[in-house]
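Keep the viewer open and follow the points in order.

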Amino acid sequence: MRHLRTTFASALAGLGLVAALGAAPSVAAAPVPAAPSASTPATIAAYTGSGENAAATRAFHAAVMKSVAEKRAANPGTLAVTVTYNASSAPTFRSQIARSTQIWNSSVSNVRLQEGSNADFRYYEGNDSRGSYASTDGHGRGYIFLDYRQNQQYNSTRVTTHETGHVLGLPDNYRGPCSELMSGGGPGPSCTNAIPNATERARVNQLWQNGLAALARSAS
């Protein structure tokens, strides 16, 4: 839940807090991302001054698309576009992740989220002064980090579904109303809506419809 900031090797996308850059975990070792300090009410509240960085979200989306494309190329008979995730490193949020997956799968038709091996992205949990965020190293892998304290102050399913929205290509819009999922923490802690609105659903379908065509071309 922090603003997005892109670096040469890392793109971060969050639900609202001011960003502090960190390295993405190694794909092979997949350690929990570094947590330099526990989040505090002050840093959690700082999200209101954050601005979106659409380029960082596009980088995350492109990384996931690249991972999906590689797997489709290896299995050209696959018809559906499926994004696979690993939630084993975020056991505290297993129910929220499952609910987020259910929400997105029932909201859009051109892409499907599925838990499984050889994941396109992973979920992690812990304490981090940066709050919850999505990150990619730009090499076809990424992760979502879920901060404990932030998920206590804000509706945890909304946080998780919002962060997963970045994986699917949606940027932040903190000035939006509670009915807009990607408004994140902008409407305040009282907002519990975890459902993307019609515009957000249409955008994800558009992104992955175009992406499906691109993936088909890359596999041919």
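Predicted model: local features only at pLDDT ≥ 70, side-chain atom pairs only at ≥ 80, totals over all residues.

1. Next, please look at α5. This helix has twelve residues and spans 17 Å between its first and last C-alpha, close to the 16 Å expected at 1.5 Å a residue. It is mostly covered, with twelve of its twelve residues buried.

2. Asn-155 caps the N-terminal end, where a side-chain oxygen lies 3.3 Å from the backbone nitrogen of Thr-157. Just after the helix, Gly-169 takes a positive phi of about 110°.

3. Within α5, pick out Thr-161. Is Thr-161 buried or exposed? Thr-161 counts as buried because its relative accessible area is 0%, and the cut-off for buried is under 20%. A polar atom of its side chain lies 2.7 Å from the backbone oxygen of Thr-157. Leaving aside neighbours within four places in sequence, Thr-161 is in contact with Ser-100, Ile-103, Trp-104, Leu-181 and Ala-194.

4. Now turn to strand β7, which covers residues 142–147 and has six of its six residues buried. Gly-142, Ile-144 and Leu-146 point one way from the strand, while Tyr-143, Phe-145 and Asp-147 point the other way. In a regular strand the side chains alternate between the two faces of the sheet. β7 pairs with β5 (residues 121–126) in the parallel sense, over six bridges, and Gly-126 stands opposite Asp-147 in β7.

5. Which residues have the most contacts inside the largest nonpolar core? They are Val-83, Phe-121, Tyr-123 and Trp-208, in a core of 30 residues. The elements giving two or more residues to this core are α2, β3, α3, β5, β7, α5 and α6. The largest share, four residues, comes from α2. As background, nonpolar side chains tend to be buried together in soluble globular proteins.

6. Not counting residues up to four places away in sequence, Trp-208 touches His-61, Val-64, Met-65, Val-81, Val-83, Asn-110, Val-111, Val-167 and Leu-168. One of these, Val-83, also belongs to the group with the most contacts inside the core.

7. How many disulfides does a search of the whole structure find? The search finds one, formed by Cys-178 and Cys-191 with their sulfur atoms 2.0 Å apart. The link is right-handed, with 90° about the S-S bond. Cys-178 and Cys-191 are 13 residues apart, and each sits in the loop between α5 and α6. Cys-178 is partly exposed at 28% relative accessibility, whereas Cys-191 is buried at 5%.

8. Finally, please check Asn-118, in the loop between β4 and β5. Asn-118 is not a glycine, yet has a positive phi of about 50°. Most residues other than glycine have a negative phi. With a relative accessible area of 47%, Asn-118 is partly exposed.

Technical notes: Residues numbered from 1 in each chain as written. Heavy atoms only, no water. Buried < 20%, exposed > 50% of the residue type's maximum accessible area, 1.4 Å probe, protein only. Pairing = 2+ DSSP bridges. Core = buried A, V, L, I, M, F, W, Y, C linked by side-chain atoms within 4.5 Å. Contact = heavy atoms within 4.5 Å. Polar contact = N/O pair within 3.5 Å; in protein donor to acceptor, adjacent residues only side chain to side chain. Disulfide = S-S within 2.5 Å. Expected span 1.5 Å × (residues − 1).
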